[in-house]
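Me: I would like to go through the terms used for this model one by one. Please set each value against its cut-off.

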Amino acid sequence: MVTMPPPLVAVVMGSDSDWSVMAHASAVLKEFGVEHEVQVVSAHRTPERMIAYGKEAAGRGIRCIIAGAGGAAHLPGMLAAVTTLPVIGVPVPLANLDGLDSLLSIVQMPAGVPVATVSIGGGRNAGILAVRMLAMTDPELASRLTDFAASLEASVAAKNAALSS
Ligand code: RP5
């Protein structure tokens, strides 16, 4: 029997309608080989489950939570209130207000309860930030991040070469 290693990162979102943004966080975690779980946890529709999820995450071995939500986006902040794990917030843009409502809901946290907020729709950067956090105690992951940075640099060099050819 194959036993999967336990997830290190939790990718959660207020609704499955947030998946088009949050899938980018999951995809980059997969690229880096980071075990993670993906769940819908709603601050408004499942408040008691959300509190239990946040309280139990560290005990299950989760090291970082990436939480995305749109509109009145209370999920990242409420999770940060019930855990001492780092929480990365992803503002999800909805049809109205283009995600500015989500951004302000997530970023304007009271002192003492931080949420590391990425840009509107910034699922990929949320995943990379989680990898950076884990890499602080994982030299293999740190090495992969160095290679990743080099690949970004090479991609710009290739674009410049194409422009000047
Ligand atoms: C938020 O309400 C969710 O994060 C989602 O962005 C938004 C709309 O949810 P649905 O009505 O599409 O389920 O809590």
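Reply: Two residues are in contact if their C-beta atoms, placed from the backbone, lie within 7 Å. By that rule Val28 touches Arg124, Gly127 and Ile128, leaving aside residues up to four places away in sequence. The model is predicted: local features need pLDDT of at least 70, side-chain atom pairs count only at pLDDT 80 or more, and totals for chains, interfaces and linings use all residues. Residues are numbered from 1 along each chain as its sequence is written.

Me: Why does Val28 count as buried?

Reply: A residue is buried if 20 or more other C-beta atoms lie within 10 Å of its own, exposed if 12 or fewer, and partly exposed in between. Val28 has 20 C-beta neighbours inside 10 Å, so Val28 counts as buried. Val28 is found in helix H1 (residues 19-31); helices are DSSP runs of H or I with at least four residues, numbered from the N terminus. Val28 and Arg132 are 104 residues apart in sequence, with 12 Å from C-alpha to C-alpha.

Me: What makes H2 oblique to H3?

Reply: Helix H2 (residues 47-57) and helix H3 (residues 75-82) pack at about 50°, with their axes 8 Å apart. Because of that angle, H2 is oblique to H3. Angles under 35 degrees count as roughly parallel, over 145 as roughly antiparallel, 65 to 115 as roughly perpendicular and the rest as oblique. The axes are lines fitted to C-alpha atoms over the stretch in contact, and angles run from 0 to 180 degrees between N-to-C directions.

Me: Which residues in H2 and H3 meet?

Reply: Met50, Ile51, Gly54 and Lys55 in H2 meet Leu75, Met78, Leu79 and Val82 in H3. The residues of this contact divide into six nonpolar, one polar and one charged. Ala, Val, Leu, Ile, Met, Phe, Trp, Tyr, Cys and Pro count as nonpolar, Asp, Glu, Lys and Arg as charged, and the others, Gly among them, as polar.

Me: Why are H5 and H6 called oblique to each other?

Reply: The axes of helix H5 (residues 123-135) and helix H6 (residues 139-163) come within 8 Å and cross at roughly 135°. H5 and H6 are therefore oblique to each other. In this pair Val131, Arg132, Leu134 and Ala135 in H5 meet Leu141, Ala142 and Leu145 in H6. By class the contact has six nonpolar, no polar and one charged residues.

Technical notes. Helices (H or I, at least four residues) and strands (E, at least two) are DSSP runs, numbered from the N terminus.
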